[in-house]
Amino acid sequence: MLIVLGKFVMRIGILGGTFNPVHIGHLILAEGAIEQLGLSKVIFIPAYLPPHKELKSKITAEQRYHMVKLITFSNPLFEASRLEIIRKGRSYTVDTLRRLREKFGLKQRIFFITGSDCLGRLSFWKEKKEIFKLAEFVIAARPDYPLKNIPRRTRLIKIAPVDISSSDIRKRLKSKKSIRYLVPDAVRNYIVKNKLYC
């Protein structure tokens, strides 16, 4: 955390997504970003409706938020936000970053964190140029998604390769297979208790 003229300058990481469900890979990414970028905290923001894909499961946005909230109790630098759920509608990154700029002001540093799987879709993002003005863009490599066509002014971070996806977890649950160690215990218990993804 930087100190400028006696005031703290926060370094805030933003990690968005459907988190359907949140899993260990998300936590490893957030922890790696904290270490490598010296972040003050990482805010997890579940999308209400993702812009470029349809949510096929019947899990509500509030249930996805609740699972994210559960993982924040294990790390004081993790925070969950209902920002996009409260706003409703399609969850565009540029709109979220504008709202965060209003909340935190211009002096705080905001780092938007995403995986290399987003690179192929980046040209379709709403107001892409504005996103790079509102936050520092951070990309972490994901298995099977090589780092290519990287925009200028992008920060790269190295994260331990963990080939875990929410879609695979949903498939395992539907097939009555174990998801132990793929998601935090609190999330697994919540899924089992509420019979989600069955």
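Select Pro21 first: this residue sits in the loop between strand E3 (11-17) and helix H1 (24-37), where helices (H or I, at least four residues) and strands (E, at least two) are DSSP runs numbered from the N terminus. A cis peptide bond links Asn20 to Pro21, with omega about 5 degrees.

The model is predicted, and local features need pLDDT of at least 70, side-chain atom pairs count only at pLDDT 80 or more, and totals for chains, interfaces and linings use all residues. Residues are numbered from 1 along each chain as its sequence is written, and side-chain values use heavy atoms, with hydrogens and water left out.

Next, select Lys88, in the loop between helix H3 (83-87) and helix H4 (93-104). Lys88 is not a glycine, yet its phi is positive, at about 65 degrees. With 46% relative accessibility, Lys88 counts as partly exposed; buried means under 20% relative accessible area, exposed over 50%, and partly exposed in between (1.4 Å probe, protein chains only).

Proceed to Lys195, in the segment after helix H7 (185-193). Phi of Lys195 is also positive, near 55 degrees, in a residue other than glycine. Lys195 is exposed, its relative accessible area being 64%.

The C-alpha trace spans about 55 × 35 × 35 Å along its principal axes. Of the 198 residues, 46% count as buried.
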